[in-house]
Amino acid sequence: MTSASVARGRFISVEGIDGAGKSTHLAWLAAWLLKKGIALQQSREPGGTSLGEKLRALLLNESMSLETEALLMFASRAQHLTEVIEPALARGEWVLCDRFSDATFAYQCGGRGLDQTKFAQLETWVQAREAGLIEPDLTLIFDVPLEVSQARMANGRVLDRFEREQHDFHARVRAAYLERAQQNPQRIRVIDANRPLEVIQAELAEIFADYE
Ligand SMILES: Nc1ncnc2c1ncn2[C@@H]1O[C@H](COP(=O)(O)OP(=O)(O)O)[C@@H](O)[C@H]1O
Ligand SMILES: Cc1cn([C@H]2C[C@H](O)[C@@H](COP(=O)(O)OP(=O)(O)O)O2)c(=O)[nH]c1=O
């Protein structure tokens with residue numbers, strides 16, 4: 001087979017408020033897909049490249065203006081797309097990404113109050129290609145009430161700059177995620193993550209049962 005005939009891989013992102021269980025489910029899903037024989041890259045934002053991981057360390061630890069924060073999120077994304085995501089998809093591999101631009105919509109627009117027009121401009125600048133906007137084929141939002149995520153985070157975790165934010169901030173982030181899901185019902189699936197792990201895993205297995 002020539003490289004030109006390789007089918008593009010699938011781009012899957014996972015999202016949710018801090019403490020929703022995203023990392024737990026991402027690890028389970030990656031192992032489950034690998035067992036099915038699917039070649040995949042697991043990655044994350046901010047981060048996913050050598051430069052992006054340096055930006056991540058700044059973003060999670062240094063105080064900065066809202067605009068700087070939004071620009072650095074998209075700077076990390078620009079590097080991640082060209083260095084990791086697009087090449088992997090072109091090779092026919094899946095990319096399983098821990099957060100993508102829905103997180104910027106939720107945290108920087110919802111949580112921090114960034115103007116959605118500015119967000120849309122950055123999204124176009126970084127994600128627009130000839131064939132259209134590069135977006136995940138499927139986004140899973142793991143959703144839980146705030147009391148649940150806060151209780152899960154209270155379990156010995158060292159909190160970063162976002163996780164240390166107040167209750168109202170996380171409430172706005174959650175509301176923005178749910179709004180984004182309503183605006184993009186074809187792409188985004190909200191998963192009730194306030195259930196036992198095995199019940200959520202059964203739902204994930206059902207969602208991906210037909211994916212080849
Ligand atoms: N469905 C669940 N039921 C009970 N505990 C859970 C569930 N999902 C995750 N947890 C636990 O909650 C904590 C936070 O989960 P984690 O995956 O790190 O969240 P996130 O990546 O969304 O911040 C971990 O201790 C994890 O084991
Ligand atoms: C990708 C992205 C992440 N974030 C935030 C959300 C998270 O609190 C943080 C990244 O942490 P996260 O991915 O949740 O990592 P961990 O599970 O190790 O805590 O960055 C944004 O504010 N905007 C973005 O665009």
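Mentor: One term before that: two strands pair if DSSP finds at least two bridges between them. Keep in mind that this is a predicted model.

Trainee: OK. What is the bridge partner of Ser13 in E6?

Mentor: Thr139 is the partner of Ser13 there. The two strands involved, E1 (residues 11-16) and E6 (residues 138-143), pair over 5 bridges in the parallel sense.

Trainee: And in what order do the 5 strands of the open sheet run?

Mentor: The order is E2-E3-E1-E6-E7, with parallel pairing. E2 (40-44) and E7 (188-192) each have a single partner strand, so one side of each has no neighbour in the sheet. On average, neighbouring strands are turned by 20 degrees against each other, direction ignored.

Trainee: Which strands does helix H3 lie across?

Mentor: H3, residues 66-90, lies across E1, E2 and E3 (94-98). Its direction is at about 160 degrees to E2.

Trainee: Switching to ligand 2. Which residues come nearest?

Mentor: Of the 15 residues around ligand 2, those are Glu45, Ala103, Thr104, Tyr107 and Phe162.

Trainee: Which helix gives the largest share of that shell?

Mentor: Helix H4 (residues 101-111), with 4 residues. By type, the shell around ligand 2 has 7 charged, 5 nonpolar and 3 polar residues.

Trainee: Last one. What does the UniProt annotation cover?

Mentor: The unreviewed UniProt entry places "domain: Thymidylate kinase-like" on residues 14-203. That span is 56% helix and 15% strand, and its end C-alpha atoms lie 14 Å apart.

Conventions. Residues numbered from 1 in each chain as written. Chains lettered and ligands numbered in written order. Predicted model: local features only at pLDDT ≥ 70, side-chain atom pairs only at ≥ 80, totals over all residues. UniProt positions renumbered as here; feature names shortened; annotations may be inferred. Near = placed C-beta within 6 Å. Nonpolar A, V, L, I, M, F, W, Y, C, P; charged D, E, K, R; others polar. Axes fitted to C-alpha atoms, helices over the stretch in contact; angles between N-to-C directions. Contact = placed C-beta atoms within 7 Å.
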